[in-house]
Amino acid sequence: MIRLTEVTKRYGETLAVDRISLEVPTGEVSVLIGPSGCGKTTTLRMINRLIEPTSGLIEIDGEDVMSVSPEELRRRIGYVIQSVGLFPHLTVAENIATVPRLLGWKRERIASRVRELLAVVGLEPAEYAEKYPRQLSGGQAQRVGVARALAADPPVLLMDEPFGAVDPLTRERLQAAFERIQREVRKTVVLVTHDVDEAIRLGDRIALMRTGRLEQYDAPEALLDHPASKFVHDFVGADRALKRLGRVRVADVMRTDVVMTADGTRKIDVAACSGGRFVYLVDDDGVLEGWVDCRVLAAGTPAEEAGTRVDWREAAATPDTTLKDALSQMLGLGFRDLAVVDDRGRLLGEVSLRAIEQTMSGSDAHVSNLAEGEVLGAPADTGEGEVE
Ligand SMILES: Nc1ncnc2c1ncn2[C@@H]1O[C@H](COP(=O)(O)OP(=O)(O)OP(=O)(O)O)[C@@H](O)[C@H]1O
Ligand SMILES: [Mg+2]
């Protein structure tokens, strides 16, 4: 557990952090969020002593960090920062090996740890170990940064806007990867972000800061449902029902009894539909290639014309996708049903607008109403799946 008690950092007249007290339970993720300059980075860097507090107490598992040597802290605390941080003249493998080397690990142990971590963050060791940071995309570099922070298996991870510098799709994938890794490794994590949706998705608790003070420290649901002040209310924003969908994953509401075929479109007739809305087309490995719309088939259109070919990277969700992102994708594509695939594109099932709506019922809004508004800034026309 990380515990901050009345922690203050003063720069001359500026109170960068003003008597912050909070606890991060072991194995949980706490997210620091708030307007630029509110003291998030300063708070984070005091935990690993990159910055010394002016006053107050910071403890990890009951031990005052000021009584631990910086080297020892470095072993116990992984640190990930936005975009920068990889050493440019070192390979990916050497970057990840930084702390294990400092700790004097044996060569073989380091090499196997590097391979293991690259696999954990979803980078093929044979392909990436010997590359240099300049040969990586932003998202790949970010993954290496996470791998490096995890190298010595520290119980604590500090992350300062780790997914800030990448495009939205990569960001979504990195968040999903982080969630998957965290489910396995259960580190005690403090993560800084500017993005409310990211905080809601990843945080077990959210600390909302304002000019050095802590406005509210609570579970995402509590922040959404019971904002402690007008500032919290306004910061979280208007579309609360949608934001709540950011806590639910496609895996929780998808159906898996979809009809699929690897036979191509020609042989498909209405009988193949067996009551479903779509027959999904997959290749021999089960990778999604498209679908045939059974209602269009039933109206007498030949299968070739009732079929749609798609790129699964663009027209499908994964089990880790949040319902908020799935809904946004549906509105953007104009689909009421979205295929669900694994990370290699293999079809797993389908998530429907109706299922999302059912998740929301009981809260204060309905998707069918939202879909007509401009809440997501996406087209309200859901052409493809209009018929109810
Ligand atoms: N070395 C320093 N000297 C003087 N003032 C500083 C120093 N570092 C930070 N500050 C001030 O402390 C306050 C908090 O800074 P901090 O970097 O923690 O903010 P932040 O919440 O991380 O902001 P951002 O979201 O922009 O990254 C700001 O007003 C900043 O100007
Ligand atoms: Mg900052």
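This is a predicted model: local features need pLDDT of at least 70, side-chain atom pairs count only at pLDDT 80 or more; totals for chains, interfaces and linings use all residues.
**Stop 1: the ligand**

Select ligand 1. Now show the residues around ligand 1: Tyr-11, Ala-16, Ser-36, Gly-37, Cys-38, Gly-39, Lys-40, Thr-41, Thr-42, Glu-161 and His-194. What classes do the residues of this shell divide into? Three are nonpolar, six are polar and two are charged.

Next, select helix 1, residues 40-47. Helix 1 gives the most to the shell around ligand 1, with three residues.

**Stop 2: polar atoms at the ligand**

Zoom in on Ser-36. A polar atom of the Ser-36 side chain lies 2.4 Å from an oxygen atom of ligand 1. Then pick Lys-40. Its side chain places a polar atom 2.7 Å from an oxygen atom of ligand 1.

How much of ligand 1 does the protein bury? Taken alone, ligand 1 exposes 650 Å², and the protein buries 60% of that.

**Stop 3: the largest pocket**

Select Leu-169, Glu-172, Arg-173, Leu-174 and Ala-176. Of the 49 residues that line the largest pocket, these lie nearest its centre.

Which element gives the largest share? Helix 8 does, with 12 residues.

By class, the lining of the largest pocket has 16 nonpolar, 14 polar and 19 charged residues.

Now colour domain 1 (2-237) and domain 2 (250-385) separately. Why does the largest pocket lie between them? Both domains give residues to its lining, so the pocket lies between the two.

**Stop 4: the second largest pocket**

Select Asn-48, Arg-74, Ile-77, Tyr-79 and Val-99. They lie nearest the centre of the second largest pocket, which is lined by 23 residues.

Show helix 2 (70-76), strand 6 (77-81), helix 4 (98-102) and helix 7. These elements give two or more residues to the lining of the second largest pocket.

Finish by colouring the lining of the second largest pocket by class: 13 residues are nonpolar, five are polar and five are charged.

Technical notes:
Residues are numbered from 1 along each chain as its sequence is written. Chains are lettered from A and ligands numbered from 1 in the order in which they are written. Side-chain values use heavy atoms; hydrogens and water are left out. A residue is near a molecule or strand if one of its heavy atoms lies within 4 Å of it. A polar contact is a pair of N or O atoms within 3.5 Å; within protein, one must be able to donate a hydrogen and the other to accept it, and residues adjacent in sequence count only if both atoms are side-chain atoms. Accessible areas come from the Shrake-Rupley method with a 1.4 Å probe; for residues, only the protein chains shown count as cover. Helices (H or I, at least four residues) and strands (E, at least two) are DSSP runs, numbered from the N terminus. Ala, Val, Leu, Ile, Met, Phe, Trp, Tyr, Cys and Pro count as nonpolar, Asp, Glu, Lys and Arg as charged, and the others, Gly among them, as polar. On a 1 Å grid over the protein atoms alone, a cavity is a set of points where a 1.4 Å probe fits but cannot get out, and a pocket is an open set with protein on both sides within 12 Å along at least five of seven lines; lining residues have an atom within 4 Å of a point. Domain bounds come from an automatic or database domain assignment.
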